Protein chains: 2
Amino acid sequence: MSNDTDDLDNLIALMAKLPGLGPRSARRAVLHMIKKRGLVLLPLAEAMHRVGTTARECLNCGNIGTKDICDICESPKRATGEICVVEDVADLWAMERSQVFKGRYHVLGGTLSALDAIGPDELRIPKLLDRIKVEDISEVILALGATIDGQTTAHYIADQLPGVKVTSLAQGVPVGGELDYLDDGTITAALNARKAL
Amino acid sequence: MSNDTDDLDNLIALMAKLPGLGPRSARRAVLHMIKKRGLVLLPLAEAMHRVGTTARECLNCGNIGTKDICDICESPKRATGEICVVEDVADLWAMERSQVFKGRYHVLGGTLSALDAIGPDELRIPKLLDRIKVEDISEVILALGATIDGQTTAHYIADQLPGVKVTSLAQGVPVGGELDYLDDGTITAALNARKAL
């Protein structure tokens with residue numbers, strides 16, 4: 001094979017680096033895209049170029065949008081006084097899909113991790129403390145993962161905010177979850193937090 | 001969410017249509033790409049645009065390249081008189097990776113299928129018959145899948161080529177395969193084709 005296929009090999013190599021794809025699935029995806037050139041490949045190239053040139057992090061909360069301040073931070077409707085702290089933009093999107101939270105967000109960009117040498121200054125924690133001084137905040141909801149690093153981060157943030165109401169998401173049986181498939185930690189948490197019917 | 005995220009949603013929707021990706025993995029991939037904008041997102045957009053504007057099917061064999069006649073069909077070294085017939089470009093790539101076949105290919109673009117109403121004219125079978133008349137062919141190797149449609153297609157092609165040496169890939173135990181995990185059909189084929197050591 002000569003340079004006839006260099007562009008193809010390059011595209012496959014780039015696709016194979018995406019999370020969830022490997023060399024084999026990247027080849028399959030590329031062949032699929034070439035077969036649907038007008039419907040998939042060229043629109044995808046265009047969409048990536050647009051996002052690549054316009055996407056930026058909101059200077060206030062870390063959400064991804066196309067402006068310096070994202071729509072959620074800008075909307076007066078979202079000024080409920082509640083800030084939901086999440087690890088990542090994916091978590092913000094998950095919260096938005098549930099449509100239950102009406103306030104604003106703060107994206108940390110990860111969790112504290114001694115192993116990976118990630119301290120408060122590597123995350124967006126100083127900015128969170130600034131926001132709580134400046135904005136009119138009544139409650140900080142910590143929606144961090146139920147992992148050791150997530151809970152460490154949650155406790156660290158709570159310690160930095162004396163006098164502020166800090167809550168975290170409830171732990172328990174997920175909707176549709178069967179007890180038989182749950183780990184002991186979840187069952188313990190669900191039992192300890194049991195409610196009267 | 002307003003038009004701030006339209007480009008992002010569009011990119012995620014397009015990515016989610018690729019084989020092997022769904023909505024969740026598309027979101028993960030897009031966030032990953034945005035984080036690695038200069039290393040992943042923009043190079044990928046550029047690579048897709050290049051392939052989208054230059055990739056074409058070889059007029060002779062159906063392989064994907066950037067010219068009317070692909071490198072393999074053009075190379076005098078590959079004029080061994082052997083044509084390897086495959087279903088799809090992915091199969092051609094798999095054969096090329098093994099580096100064991102030195103001849104040329106013919107990509108059918110699928111298999112005969114009564115259920116999907118795919119007959120010989122929907123595939124590149126007439127072009128294969130033309131090539132066998134024009135090129136100096138000593139052997140046609142059918143490297144089609146060991147499925148019902150693949151084997152039907154193989155027998156159909158063999159019937160169209162009286163007087164031409166037609167072979168097919170051997171069936172048997174895959175390298176590294178354990179008998180315990182093999183289906184009965186493979187074990188039967190391997191036993192029937194057993195060889196003296």
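**View 1. A:Val86 and its bridge partner in a parallel strand pair.** In strand S4 of chain A, A:Val86 has A:Val107 as its bridge partner. Strand S3 (residues 82–86) of chain A and S4(A) run parallel and are joined by four bridges. Two strands pair if DSSP finds at least two bridges between them. Strands (E, at least two residues) and helices (H or I, at least four) are DSSP runs, numbered from the N terminus. This is a predicted model, in which local features need pLDDT of at least 70 and side-chain atom pairs count only at pLDDT 80 or more, while totals for chains, interfaces and linings use all residues. Residues are numbered from 1 along each chain as its sequence is written, chains are lettered from A and ligands numbered from 1 in the order in which they are written, and side-chain values use heavy atoms, leaving out hydrogens and water.

View 2. Four strands of chain A line up in the order S4-S3-S5-S6, with parallel pairing. At the edges sit S4 (104–107) and S6 (165–168) of chain A, each pairing on one side only. From one strand to the next, the twist averages 25°. Helix H5 (residues 89–98) of chain A packs on the sheet, touching S3 and S4 of chain A, and its direction makes about 160° with that of S4(A). Helix H6 (residues 125–134) of chain A lies across S3, S4 and S5 (139–142) of chain A, at about 155° to S4(A). Here contact means heavy atoms within 4.5 Å; axes are lines fitted to C-alpha atoms, for helices over the stretch in contact, and angles run from 0 to 180 degrees between N-to-C directions.

**View 3. Where chain A meets chain B.** On chain A, 56 residues are in contact with 54 residues of chain B. About 4900 Å² is buried between the two chains, with carbon and sulfur atoms giving 69%; buried area is the accessible area (1.4 Å probe) that two parts lose on being put together, summed over both.

**View 4. A salt bridge between the chains.** A:Asp7 forms a salt bridge with B:Arg50, their closest N and O atoms being 3.2 Å apart.

**View 5. A strand pair in chain B.** In S6(B), B:Val166 is the bridge partner of B:Val140. Strand S5 (residues 139–142) of chain B pairs with S6(B) in the parallel sense over three bridges.

Technical notes:
A salt bridge is a side-chain nitrogen of Lys or Arg within 4 Å of a carboxyl oxygen of Asp or Glu.
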